[in-house]
Amino acid sequence: MVLPRNRAARSRDIQKRLAASAANLPPKCAIPGCGRPTMRAAGKGLAIHHCKYHVQHRARHGSHWRKSYRASDLKPYRQAAAIWIRRNRDDSYVAHSLSALASLVQFAGPIPQSAGLRGVPPRDRAKIGLARLREKGVPPEKLLAIYLAVVMVIEEDPTSHRVHEFRIVQIAKAIHRLASGYHRRWEIRLNDGRIVRPEIHSYARSSGRVLRHLGTMIEECCEWVDVKHLPALLALKIERYGPHPAVADPSRAQVPFAQPGLKVPSPNAAPKLRTVSTVKWGNRVVRRITRYE
Ligand SMILES: [Zn+2]
């Protein structure tokens, strides 16, 4: 679908689509066991197949129903990938991928000197995320290991969601965890000679289009490595760390869909508050900014 170019025309277009009849559209969310009205049926958005909870789930996790992998889920895969990369540095696909990742991070551009990124387009935010990796000195081997870890876990885990979007979002989330947020520290000498050290720590939310851009940029540098070497990588992981928990013991598999009786947060429940930024004065937190999730 081609979106109208300017903002006002886009807004009129959305209003028109919202006002159109929803009589022939499905009334309930398509996720089994959910039962909430779709955003379109509730008059709260344009999503014709899913409710607000599952639309937000997709924005955060890259899938309407599958939760993100935690750092601990990825750990054995990352370790196996790191060993495999060390042994195969001379492989032409690996060498190309490492040099492409090094250039991507090197030429990601400057890091803005302000905490807020309001109004910055998502692609530029993704580049700022890459520039922070450069500032932190994250090596390209680590980025390739994360990429391969996500590809491997999605391949091995029987409860995974095997779609492209889930893959790139999971890659971006794992990379976002390495170096996210705006951090500044100062040293101020007071009149009485004491020195205080104020600090600001501010974190961007790990959700939305920025993750798609970041994941795609990383994927473009690495995709040939898994196309050529995924079976060898998985064999090494299983040999050293055993099979995925859901393969070894199916009762530990994550329930993929919201089932009747399963606790799912209600859309009317009080929204969760999350600290996005703190300002410290010495050891004391003087300002804490929280936002609704
Ligand atoms: Zn739903």
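Which residues in H6 meet which residues in H8?

Reply: This is a predicted model, in which local features need pLDDT of at least 70 and side-chain atom pairs count only at pLDDT 80 or more, while totals for chains, interfaces and linings use all residues. Residues are numbered from 1 along each chain as its sequence is written.

From H6, the residues are Leu-143, Leu-144, Tyr-147, Leu-148, Val-151, Met-152, Glu-155 and Glu-156, and they meet Ile-218, Cys-222, Val-225, Asp-226, Leu-230, Leu-233, Leu-234 and Lys-237 in H8. Two residues are in contact here if their C-beta atoms, placed from the backbone, lie within 7 Å. By class, this contact of H6 with H8 has 12 nonpolar, no polar and four charged residues (Ala, Val, Leu, Ile, Met, Phe, Trp, Tyr, Cys and Pro count as nonpolar, Asp, Glu, Lys and Arg as charged, and the others, Gly among them, as polar).

As for geometry, the axes of H6 (residues 140-156) and H8 come within 8 Å and cross at roughly 60°. That angle makes H6 oblique to H8 (under 35 degrees counts as roughly parallel, over 145 as roughly antiparallel, 65 to 115 as roughly perpendicular and the rest as oblique). The axes are lines fitted to C-alpha atoms, for helices over the stretch in contact, and angles run from 0 to 180 degrees between N-to-C directions. The crossing of H6 and H8 is right-handed, that is, the near helix is turned clockwise from the far one by less than a right angle.

H8 itself is not straight. Spanning residues 209-241, H8 has 33 residues, but its end C-alpha atoms are only 34 Å apart, short of the 48 Å that a straight helix would reach at 1.5 Å a residue. A kink of about 75° lies at His-229, shortly before the proline Pro-231; the bend is the angle between axes fitted to the seven residues ending there and the seven starting there. Just after H8, Gly-242 takes a positive phi of about 80°.

H6 also packs against H7 (residues 164-178), with axes that come within 9 Å and cross at roughly 140°. H6 is therefore oblique to H7, and this crossing is right-handed. Leu-143, Ile-146, Tyr-147, Val-150, Val-151 and Ile-154 in H6 meet Arg-167, Gln-170, Ile-171, Ala-174 and Ile-175 in H7. The residues of that contact divide into nine nonpolar, one polar and one charged.

Definitions and conventions:
Helices (H or I, at least four residues) and strands (E, at least two) are DSSP runs, numbered from the N terminus. The expected span of a helix is 1.5 Å times one less than its number of residues.
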